[in-house]
Amino acid sequence: MKNLLRLFKAQRTEMFAAVFLGGCSLGAAVGLLATSAWLISMASTKPPVLVLEVAIVSVRFFGLSRGALKYASRILEHNSALKIQTALRVRIYERFSRLLPSDFAGLHRGNVLSQIMNDVELAQDLWLRIASPWLAALISGVSGITIIHWLLPSCGKVIGLLFLLAMFLIPFLATLSSSKSDTRKYEGELFDQILQISESAPESLIFNYDNELLKQIESAQKKIAHVESKNAQRSGLASGAYFLILGFTIAIALWFAARGVFTHQLAGINVAVIALVPLAIFDGMTPLPAAFSQLRQVLGAVENLAPMLEESKDLQIVASPVPATVKLELIELHPLIEGAHTRSISAVITPGDVLLITGRSGAGKSSIINAILGFLPFTGRVVLNGENLKAGDQHLVTTLLQDDYLFGTSIRENLKIGNPEASDEELLEALKLVELDKFVSELPEGLDTMVGPLGLNFSGGEKQRLKLARVLLRETPIVILDEPFEFLDAQMVERISIRVLDALRDKAVIVASHLSLPNSVKTITL
Amino acid sequence: MKPFDPRLLRYSRSSRGFIFTLVLIAVVGAIATIGQAFLLVDLICKFFQQKRTFSSLTHEVVALAAVFIARALLAYINDRLGARASSKMRNELRTEVMKKSLSNGGSDTQSLGTAGLAVLVTKGINNLDGYFAKFLPQLFIAVVVPVAVGVSIALRDWKSGAIILFTLPLIPIFGILIGRFTASATEKKWKTLGLLGGYFLDLLSGLTTLKVYGREKLQSQRLREVGEKYRKETMQVLRISFLTSLALELVATLSVALLAVTIGLRLVNGSMPLSVGLFVLVLAPEVYWPIRQVSAYFHSATDGLAAFDQLFTILEKPNSNGAAQLTSFSRISWSELKVSYPGRSEVVIPSGEIEPGRIHALVGPSGSGKSTLASILLGFINPSAGEVRVDSDSGVHRLQDLDIKAWRKLIAWQPQEPKYPIGSVAEILRYAAPSTTNAQLIDALIEVDLKIDDLPNGLETELGTVRQKLSIGQMRKIALARALLKESSLVILDEPTASIDDISEATIARLLEKRAKSGTSILLISHRELLIGTSASVTVLGASQ
């Protein structure tokens, strides 16, 4: 919460200016109603037109400024909200990027990311939809009550109290016993179920469990509908209370006005002002019932984001100097995975070596790779040039992971992650090694072709080769490849593996694969 | 976009009742507002002009209180009914889309991505709320309520009624003019906004890769820049939308001002009583308000509209389902088949056939259409040219003339990347063969060279959960066992031995030969020579390249 407020703080001038302008716009509406009520009442007493002149000018002023102020306030408000959103995203990203990969391994599964996305959008509602309208309503209320108080002090005091009662009672009713009013959890469940259904849709049709899958989402939908109905009940209760207090306030205002006229404390032409101004004062409160019924939801989002916003110390990774030569030793390396049977391996790899880790499926080839990279806990040691491999050695190791990610950007940008300085020629050179150069240059947009859900529909083999080309672009003394030749046919594997290993001939290479590789390769079979 | 799309009502039956209810509540609300204005003005005039006391007017005060109680009840009902109907409508639409998407066999996930579909069906449909819970009812309210309020004004003062009649159309006319002027600009903007918004998600999804490449630091500056760009573009769209409501508000204010000037003059020269003038002026803004609100809601409706088109592409995909019910078949053959995927050259599959009880292999480089042929035979995609024919006792049928459900009952399939629902290994295998004993399941797993001890909890090992403990090879073996367990006349195996070691491959080759001898046809997609060696016939794809 504190951290979120800190992000809000950077925008506080703009935010408070927006609330002030919004309050003034509502205040202008109060002014408009008050002056026009006076004007009409005055006109009915048939005065000389000059008497009305000032009121006519004020009506025009309030009428025009109401819209203009609202426009300015909304622009400022949304602008600062978007700035806060960006700051939130950057902060979360930076926080995650400082974690070790093993700490966010579960992040890209299921709804975790989409939840973060939604929460970032929801968190700003704490200001935008809840605090800011309440404050604006307060400003306009104060202006209206000031007018009434000036005309008839006793009435102003009572109406002021009633106004404050409404300002607190409405949020109270809208948030009453709302501990279970957060649909975010169920929406996450639903998201996961839909993910699952759409992934297994083809198989469910062949093996006849498609109806089973549909039943799953019914129950999640029911839970959401139930919570939403409870939220609506509270918001309805608050809306109802709003009209009851408004009605009571107007009745009280009328009573004071009638008595005021009777006792000559109030001029008759001001009766309409006193009776109608409460309508304008309460107008600012109309968004509150619905907004506050979502409070639990918004606070849930804030709570979820809070740990991600904590100030994190920079891990102070000092890049170790690039050594003249490398010697990578795996000593009794044994990855620890609950419930899996893995074994330990030992090996020494120097430039020019290719260590092939092979074995049955499930034997733990990928686990060894993940342990070397520190993504998995392990016993034993991974030693580079006599010292344990550490975060600062990252720039010495290039890795192809099985779930390597292709970004939703161009082929060029994806490859440049391997080497930002690479020229188009160098990119095409790398693509040639994996036999994609022709394919890419024949695409209408060439290297600018987009990858990802909005881009070209690449086949499994094409994606794999794109990732492989990206690995080849990075110049590091150690290269680790996890199942580099998946989804490729035997002849292509033969051609590409020879070319890839040739391109990496000066490097210390570890390959995990179920395939056998050309000669002169150290092999460990798990 | 169209402001009103009748397709929505077709797919969500409850939406009709929902919109009707909301409009009805709005009309009753409008009547209450008219009553409130009448009573309030009446009381004001009696206190001001007749100097009456509060206690002498109890009837009017009680009536006014009743109006407020009615408005309170209406507000409560409106919130409750609104939320209930809206969530019912969303659920209906969601179920409908998922049903359709399921029966399409995942072709939507191909175009959207699985996460894309999940976002569409959850957040996308929730965003539609702004469209159908606010914008759509408001369209109707904007017709009914101004008429009701306008008539009540005209009944008390026909001159004011006439002014309203002439000024009222200005608001929709201005709205449409501004809308036409800005529509294309806004629409283009909304599309790019979607792209920019996805950037954060993309970065988080690929964070492991970025870290492995040591590029994560560079991206936070880029995220800031993209966020800045997003803000500027969003503000351009919002500015247009806010300016539109400002313009419409000014038109409404000027219309009321015009009304006020004539009323003021008539009050000053005594040709109009105060009660009428005040009544007209208190109610006049209520005439313009509902129409202005249409334009204001249009903004929140646009949020959901991106989802709108995508949802209807899924819902309106034709169901190609024939009538012929097959219970058995012998030979499957196909002419040259063509399939086009957006953005890349057409996949051409040469003609071929699968004889009963034989293994037919499909070979060819990646991207040449091997899995595409499997998808055609499974009824997930239709070729743009060419056709598949199935021989049976009742003659030769074209695949598109078959009842797809009955046809799929005859086929088993092992996909390249199996995706399991949440459930134990035993449960998932039993979908394929419901009355199998545990011992038989274990045997089936041993047959595909998967020892039960290799699975952390044996047959009770959970699949399809977030934390997957099995390797990709083990998952494929389970899928193979499942395909072979199903009683079927055709088994389609897509890369059964990718990332499986050579020992298993020999075992699996023997297994397939045995299965074929028992009369089942097998379509085998593989890169592995050993497996291809078991086949009686081969189709080579992508030979021209």
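Two residues are taken to be in contact if their C-beta atoms, placed from the backbone, lie within 7 Å. The structure discussed here is a predicted model.

## Overall form of chain A

Among the contacts in chain A with a separation of 6 or more, 82% are between residues 24 or more positions apart. Chain A contains 17 helices and nine strands. Its radius of gyration is 34 Å, whereas the globule rule gives 24 Å for 526 residues; the value is well over the rule, so chain A is more spread out than a compact globule.

Taken along the principal axes, the box filled by the C-alpha atoms of chain A is roughly 110 × 50 × 45 Å. Of the 526 residues in chain A, 53% are buried.

## Helix α12 of chain A and its cover

Helix α12 of chain A spans residues 365-372 and is mostly covered, with eight of its eight residues buried. These residues are Lys365(A), Ser366(A), Ser367(A), Ile368(A), Ile369(A), Asn370(A), Ala371(A) and Ile372(A).

The elements that cover the buried residues of α12(A) include several strands of chain A: β1 (328-335), β2 (345-349), β3 (354-358), β4 (378-384), β7 (478-482) and β8 (508-512).

## Strand pairing around β4 of chain A

Two of the covering strands, β1(A) and β4(A), also pair with each other: they run antiparallel and are joined by six bridges. In this pairing Leu328(A) stands opposite Leu384(A) of β4(A).

β4(A) also pairs with strand β5 of chain A (residues 387-388), in the antiparallel sense and over two bridges. Leu384(A) has Glu387(A) in β5(A) as its bridge partner. β4(A) and β5(A) form a hairpin with two residues between them, and Asn385(A) in the turn takes a positive phi of about 45°.

Chain B is divided into domain 1, covering 7-315, and domain 2, covering 332-540. The C-alpha centres of domain 1 of chain B and domain 2 of chain B are 52 Å apart.

Chain B has an open sheet of five strands with parallel pairing, in the order β8-β11-β12-β5-β13. The edges are formed by β8 (411-414) and β13 (537-540) of chain B; each has a single partner strand, so one side of each is left without a neighbour in the sheet. On average, with direction ignored, neighbouring strands of this sheet are turned by 15° against each other. Helix α16 of chain B (residues 472-485) packs on the sheet, where it touches β8 and β11 (490-494) of chain B, and its direction makes about 175° with that of β8(B). One of the residue pairs is Val363(B) with its bridge partner Val540(B) in β13(B).

## Interface between the chains

Between the two chains, 127 residues of chain B are in contact with 123 residues of chain A. On the side of chain B that touches chain A, helix α3 of chain B (residues 58-103) supplies the largest share, 22 residues. By class, that side of chain B has 65 nonpolar, 35 polar and 27 charged residues.

Which residues of α7(A) meet α3(B)? They are Ile194(A), Ile197(A), Ser198(A), Ala201(A) and Ser204(A), and in α3(B) they meet Met98(B), Ser101(B) and Leu102(B). This contact of α7(A) with α3(B) has five nonpolar, three polar and no charged residues. The axes of α7 of chain A (residues 184-206) and α3(B) come within 8 Å and cross at roughly 35°.

## Ala232 of chain A

Ala232(A) lies in helix α8 of chain A, residues 210-262. Why is Ala232(A) counted as buried? Ala232(A) has 23 C-beta neighbours inside 10 Å, and the cut-off for a buried residue is 20 or more.

Neighbours within four places in sequence aside, Ala232(A) is in contact with Asp79(B), Arg80(B), Gly82(B) and Ala83(B). Ala232(A) and Pro289(A), 57 residues apart in sequence, are 9.4 Å apart in space from C-alpha to C-alpha.

Methods. Residues numbered from 1 in each chain as written. Chains lettered and ligands numbered in written order. Predicted model: local features only at pLDDT ≥ 70, side-chain atom pairs only at ≥ 80, totals over all residues. Helix = DSSP H or I, 4+ residues; strand = E, 2+ residues; numbered from the N terminus. Nonpolar A, V, L, I, M, F, W, Y, C, P; charged D, E, K, R; others polar. Domains from an automatic or database assignment. Buried ≥ 20, exposed ≤ 12 C-beta atoms within 10 Å, placed from the backbone. Pairing = 2+ DSSP bridges. Axes fitted to C-alpha atoms, helices over the stretch in contact; angles between N-to-C directions. Rg over C-alpha atoms; globule rule 2.2 N^0.38 Å.
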